[in-house]
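Keep the viewer open while you read.

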Amino acid sequence: MPTSRRAALAAAAVAVLVLPLSACGSSDGKGGSTDASGKVEGDITFQTWNLRANFKDYFESVVAGFESKYPGTHVKWIDQPAEGYADKISADAAGGTLPDVVNVSPDLVAPLAKAGLALDLDKAAARYEKEYLPGAWASHQIPGMKGTYAFPWYLNTGPLFYNKSLFRKAGLDPDRPPRTYDDLFTDALELAHKSGGKVATLANVPTIEDFGRYGVPLVNQQGTAFAFNDPKGVELLTKYKQLYDAKALDPQALTATPESSGKKFLTGAVAMNPGSALDLDNFKKQAPSLYRDIGITDQITSTGHVNMYVMGVMVNSRTRHTPAAVAFAHYVTDAAHQMAFAKKVAIFPSTAGSLDDPYFTKQDGTDETRVRVAAAKSLKTAVNYTPVLFSDQMKTALRNEVAKALQGKQSPKAALDNAVKACDTLLRQQG
Amino acid sequence: MSLLEKAPPRRPAAATARAPRAGLRDEHGRRVRAWELVLRYVLLLAVLALTVGPFLWQLSTSLKGPTEDIFSSPPKFLPGHPTLHNYQRVSATIPVWDYALNSLKVATANVVTNCAGSALAGYALARLRYRGRAAATLTFVLAMLVPVEGIVIAQFTTMRELGLNNTLVAVVLPGSVGAMNVLLMRNAFRNLPYEIEEAAYVDGADVWQRFLRIALPSVKGTLAVVAIFSFMGAWDDFLWPLIVLSDPSRFTLTIGLNYLHGTFAGDERLVAAGTVIAVAPLIALFACLQRYFFRGVGEGAVKG
Amino acid sequence: MASSTVLRGRRVKRQLPTSPWLFAAPGLLIAGAFILYPFVSTVVNSFTDRRTLIPGRFVGLANFRELLHDDMFWTGLRNSTLYVLGVVPALVVLPLLLALLVQKNIPGIAFFRAAFYTPVVASVVVVGLIWVWLLDERGLVNSLLETVGVGRVGFLSDQWLLLLSAMAVTVWKGLGYYMIIYLAALANVPRELHEAAAVDGAGAVRRFITVTVPAVRSTMVLVGALSSVAAFKVFSEVYLMAGPSGGPAGEDTTLVMLVQRTGTGLTGRVGYASALSVVVFLVTVALMLLVLRADRREES
């Protein structure tokens with residue numbers, strides 16, 4: 001077939017043309033310097049992640065404050081919606097249109113840093129390090145790389161909520177919620193048994209943070225491979241399998257998302273749900289009858305360290321105004337501004353000493369304050385269990401292997417072995 | 001095909017339809033039997049429950065007040081204290097009218113370019129004879145088959161090279177002449193009997209005149225389909241506008257409404273109200289255009 | 001077709017020689033620049049190990065070889081194929097019946113037509129949320145089933161029921177869409193044909209088979225082609241109902257979901273995902289050819 005040969009030739013010709021085009025995207029070393037010591041001036045863009053709807057005034061005042069502190073600067077604030085954030089950043093990073101200062105989470109920073117797009121703050125802004133909690137500062141360091149690639153911003157953690165009336169109906173004491181994993185598993189089986197399998201206690205399959213909180217080593221010593229298939233991990237998964245068989249783990253857990261499991265808790269189909277101070281407000285608005293009977297207890301861990309989530313602010317290494325970008329990223333995340341932000345919404349500052357503020361230590365009798373004070377206290381030793389290099393693809397791989405174990409299609413041991421193998425492969429492919 | 005020689009729009013049946021009143025008549029002017037009418041309505045109502053029911057629930061949620069439990073089980077259908085408060089809150093939370101205006105611009109532009117572009121191309125594919133026609137058709141078929149999920153970033157890079165990123169033009173361009181619409185128009189033109197144009201040709205009409213005056217008016221129905229599909233496509237699109245726009249003042253409604261899923265605690269009622277805002281214009285548009293789909297069928301039917 | 005040859009024959013010469021291309025130019029330009037050209041780079045990427053932020057090296061057919069050993073790929077291929085088989089017959093037949101139902105002008109029909117179209121205009125995200133709520137273990141459908149005595153059904157936890165539920169949503173959402181295409185086609189069926197058949201004493205069913213179906217046959221083929229391509233590329237419905245990981249243990253993953261999962265985000269394996277895209281493209285081309293060939297065989 002002569003036509004197909006011609007087509008092949010044409011394709012080859014096009015390939016030669018397109019390759020160099022599509023292969024751009026990183027490390028051409030253009031623009032930007034790591035030197036943040038120059039004069040703070042110029043136009044920069046600051047991108048947040050879904051904060052505009054509720055905090056427009058706050059951010060506008062932060063920008064105004066910065067601009068008046070540093071005449072000659074102009075900050076353009078843009079906010080992206082919740083969905084598709086990673087896709088948006090990917091396109092911008094690949095297309096060279098990444099904003100100067102970007103709101104990120106540790107898992108977003110890692111690939112950006114590896115591609116040379118995140119500024120190393122240990123070089124450009126080391127003097128600010130002491131202003132932050134050491135654990136928070138370290139959360140944007142990447143195994144296998146030197147340096148810190150984002151300022152820590154707000155932290156979040158929270159208690160475990162439970163539905164007292166469901167506890168009561170199962171003959172459990174609503175004022176004595178489970179505090180250890182053993183209690184949790186016993187109570188969960190009891191709840192399922194008494195309700196004839198209609199009330200589950202947990203709505204989610206174990207995730208990487210659950211393994212971490214249970215005391216499973218997640219990554220090997222060198223940080224080059226995953227290790228959660230150790231006996232402790234197998235133990236946790238075996239427990240979950242028992243719960244699943246007894247319907248104490250919701251049958252829909254295998255396909256659940258955090259959103260859907262939250263709804264299950266709201267409808268009273270699930271007895272316990274991890275959450276944060278923010279959820280209290282949510283319960284009040286969306287399920288007033290549940291709110292009247294809500295129980296609050298501490299996160300359950302075997303390690304003594306609760307899990308926390310960290311948000312960061314990174315500086316684009318290609319920015320044309322490194323001093324201004326670094327100054328602004330620091331300005332947004334400094335103690336005063338983090339404190340002001342924390343008072344607007346129930347999150348926690350990552351700056352040193354802020355958690356000792358009376359706002360985080362003094363009770364005033366309300367549930368909100370109780371949750372806030374307890375969370376602030378636990379944050380001092382909290383850990384961000386999710387490994388920085390644990391990508392979305394790895395999460396899916398783990399989740400699917402865990403699901404197979406719960407369904408009884410493979411043993412817990414085999415499931416974790418497979419998951420570790422898949423994640424290690426993905427880790428290598430990430431380069 | 002020659003058997004289907006199209007009679008001019010005036011139907012002989014139209015005359016009979018206006019004749020003796022009493023009862024309903026179908027499009028052929030025959031009386032509709034009572035039991036058939038009942039059966040039809042029963043079926044219509046059954047399908048109605050199936051297609052609209054879920055939306056009524058959304059509407060009901062959006063009307064529920066702040067003290068109502070929206071997650072009670074079993075679910076409650078009617079709001080206890082209906083209120084429009086949630087709609088006010090949507091417009092207080094996000095500049096919903098600005099977003100809607102952007103969406104309207106994008107959707108309108110998309111309708112215009114698609115109607116014009118796909119009618120022209122469809123006509124060329126169906127009616128004009130030239131070398132490479134098969135190749136041109138194939139191009140559109142292939143374009144329709146390309147899985148979009150895989151090309152978004154490449155499209156973005158192209159837009160950036162053209163300096164169009166972060167403009168509403170860039171939102172419209174990739175879908176401005178949808179391959180599927182071209183193929184729909186081609187199908188429509190092909191189904192037109194040649195004789196109609198032939199007569200015009202004999203009268204000395206050139207190809208543009210034949211296209212504009214004869215062919216185009218005969219495919220109004222399909223053109224309306226293209227219009228509504230392209231309006232809808234532009235109105236509902238999320239990923240592409242999100243990728244290509246960075247300036248929030250240019251965001252379209254779908255992106256803007258996504259802000260309602262708050263980072264901290266979303267509110268189902270707000271989301272529901274946002275949904276209603278997004279869907280209502282489309283339903284209105286369809287209600288306005290739908291009579292064009294029945295062009296030629298409707299005449300001589302009910303009327304009394 | 002006799003008359004058309006006449007028109008083509010001698011008169012074509014007097015047309016401006018450039019006009020056909022002028023007519024087709026805008027469409028071709030857009031399709032070429034914004035769809036096909038980007039796809040060429042996808043094809044190129046499929047032979048590399050490119051990651052989102054890391055430029056690729058040429059790896060030959062390695063991605064395609066890996067694909068053959070990837071269980072997820074076969075799961076995806078299976079599910080996408082099942083989707084076509086499940087959804088297409090329903091979408092070819094049901095919207096036609098629906099179109100016939102709303103074609104007749106009886107009082108209030110405009111309202112029904114618009115109402116039947118609402119599932120189409122609602123964004124698929126909304127539709128997904130609504131159906132997840134309806135089909136939930138404690139949702140409306142299950143409460144109804146329980147009162148009837150059937151008992152609760154795990155629509156959203158069983159891998160096959162999940163796929164079936166997603167198909168139902170696709171059909172539900174597509175009904176109005178294809179109904180419109182049929183309505184436009186039905187409008188072109190000369191009523192004289194129906195009248196002739198009615199005079200011959202043909203009943204409604206026979207008229208449907210002898211008059212309506214032949215008259216809209218080309219539209220049925222078109223709907224078949226469009227819906228099978230769309231069904232094979234299904235993403236949103238399954239993604240929303242079965243969750244991002246594709247149902248229990250990923251067993252409901254479709255091919256396009258796999259493209260999205262492996263290729264997007266900052267850690268996406270663009271090269272591998274591109275290879276998947278190329279396969280999806282080739283299969284849809286084959287599907288299209290299959291439908292068209294079936295059509296031609298029937299015609300002759």
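## Chain A and its two domains

Chain A is assigned two domains, each built from two stretches of sequence: domain 1 (42-157 + 309-379) and domain 2 (160-306 + 385-430). Keep in mind that this is a predicted model. The C-alpha centres of domain 1 of chain A and domain 2 of chain A sit 29 Å apart.

Where these two meet, domain 1 of chain A puts in 16 residues and domain 2 of chain A puts in 12 residues. On the domain 1 side, α4 and α17 (367-379) of chain A are the elements giving two or more residues. Of these, α17(A) gives the most, with 7 residues. By class, that side of domain 1 of chain A splits into 8 nonpolar, 4 polar and 4 charged residues.

## Where chain A meets chain C

Next up is the contact between chains A and C, with 38 residues from chain A and 30 residues from chain C. Five stretches of chain A give two or more residues to its side: α1 (2-22), α3 (85-95), α4 (106-114), α18 (392-406) and α19 (412-430). The top contributor is α18(A), with 7 residues.

## Chain B, inside and out

Chain B is divided as well, into domain 1 (23-37 + 39-83) and domain 2 (94-293). Between them, 6 residues of domain 1 of chain B are in contact with 6 residues of domain 2 of chain B. The domain 1 side of that contact has 2 nonpolar, 3 polar and 1 charged residues.

The contact between chains B and C involves 87 residues from chain B and 80 residues from chain C. Helices of chain B that each supply at least two residues to it include α2 (34-62), α4 (96-127), α5 (133-145), α11 (220-236) and α14 (268-293). The largest share of the chain B side, 12 residues, comes from α2(B). Sorted by class, the side of chain B that touches chain C comes out as 55 nonpolar, 21 polar and 11 charged.

## Transmembrane stretches of chain C

For chain C, the unreviewed UniProt entry places "transmembrane region" features at residues 21-40, 82-102, 114-134, 160-187, 208-232 and 270-292. How does the model draw two of them? Residues 160-187 of chain C are 96% helix and 0% strand, with end C-alpha atoms 39 Å apart. Residues 208-232 of chain C are also 96% helix and 0% strand, and their end C-alpha atoms lie 30 Å apart.

The predictor gives the complex an ipTM of 0.81 and a pTM of 0.83. Chain C averages a pLDDT of 84, with 92% of the residues at 70 or above.

Note on methods: Residues are numbered from 1 along each chain as its sequence is written. Chains are lettered from A and ligands numbered from 1 in the order in which they are written. This is a predicted model: local features need pLDDT of at least 70, side-chain atom pairs count only at pLDDT 80 or more; totals for chains, interfaces and linings use all residues. UniProt positions are given in the numbering used here, feature names are shortened, and annotations may be inferred rather than shown by experiment. Helices (H or I, at least four residues) and strands (E, at least two) are DSSP runs, numbered from the N terminus. Two residues are in contact if their C-beta atoms, placed from the backbone, lie within 7 Å. Ala, Val, Leu, Ile, Met, Phe, Trp, Tyr, Cys and Pro count as nonpolar, Asp, Glu, Lys and Arg as charged, and the others, Gly among them, as polar. Domain bounds come from an automatic or database domain assignment. pLDDT is the predictor's confidence in each residue, from 0 to 100.
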